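Subject: Structure for you to look at

Hello,

Here is the structure I said I would pass on. Please open it and follow along with the notes below.

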Amino acid sequence: MVDDESMIRILVSRQLELAGFKTIAVESGDKAIEELEKNDFDFVLMDKNMNIDNSPDKNFRNCGIEATRTIRDGGVFRKFRNYKDIPIFCISSEAWDNIRDYAIKSGVDDYIGKPVTSKKIVEAIARLEKNKKGYRDWE
């Protein structure tokens with residue numbers, strides 16, 4: 001679970017636990033990549049927009065999307081090369097019309113709108129399973 005806001009990490013981790021998942025929560029895409037190198041995971045929930053603390057103007061960037069692209073490239077991994085194919089779910093409070101399409105074209109498997117609930121997580125995983133069988137029920 002990746003989000004720059006500590007309260008979101010706590011709340012979403014709790015929702016994941018309620019859905020039966022063990023969770024590691026980190027605050028940045030870089031930390032997520034480090035954890036992927038050290039541990040075995042089934043999927044990643046990645047916030048789309050995270051504040052870059054070392055950015056001089058503190059602007060928000062799509063660093064969740066950037067981290068997703070780095071993961072998909074696979075070049076950063078020495079131990080778990082198969083993580084370039086790990087399911088990644090984009091989470092965001094953004095609600096513009098084509099956010100899901102934008103996120104998927106950026107490399108994530110699906111989009112989950114905030115607030116993230118255990119029900120939304122389970123539904124996203126079910127969509128992913130259907131997609132593996134050739135369905136895309138959100139289209």
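A nonpolar patch on the surface is made up of M7, I10 and L11, which together have about 310 Å² of accessible area. Please keep in mind that this is a predicted model. Of these residues, L11 lies in helix α1. L11 has a relative accessibility of 48%, so L11 counts as partly exposed; the cut-off for exposed is over 50%.

Next, the aromatic rings. How many aromatic pairs does a search of the whole structure find? The search gives 2.

An angle over 60 degrees is what counts as edge-to-face. F21 sits in the loop between α1 (6–18) and α2 (29–38), while F43 sits in the loop between α2 and β1 (44–47), so this pair ties together parts 22 residues apart in sequence. F21 is partly exposed, because its relative accessibility is 24%. F43, at a relative accessible area of 16%, is buried, since buried means under 20%.

F43 also pairs with F89, again edge-to-face, with 5.7 Å from centre to centre and 80 degrees between the planes. F89 belongs to strand β4 (residues 88–92) and F43 to the loop between α2 and β1, so here the parts tied together are 46 residues apart in sequence. Both F43 and F89 are buried.

Taken together, F21, F43 and F89 form one aromatic cluster.

Regards

Technical notes
Residues are numbered from 1 along each chain as its sequence is written. This is a predicted model: local features need pLDDT of at least 70, side-chain atom pairs count only at pLDDT 80 or more; totals for chains, interfaces and linings use all residues. Side-chain values use heavy atoms; hydrogens and water are left out. Rings of Phe, Tyr and Trp (its six-membered ring) pair if their centres lie within 6.5 Å; planes under 30 degrees apart count as stacked, over 60 as edge-to-face and the rest as tilted. Helices (H or I, at least four residues) and strands (E, at least two) are DSSP runs, numbered from the N terminus. Buried means under 20% relative accessible area, exposed over 50%, partly exposed in between (1.4 Å probe, protein chains only). Patches are made of residues with over 30% relative accessible area and no salt bridge: like charges are joined within 9 Å, nonpolar side chains (Val, Leu, Ile, Met, Phe, Trp, Tyr) within 5 Å. Accessible areas come from the Shrake-Rupley method with a 1.4 Å probe; for residues, only the protein chains shown count as cover. A salt bridge is a side-chain nitrogen of Lys or Arg within 4 Å of a carboxyl oxygen of Asp or Glu.
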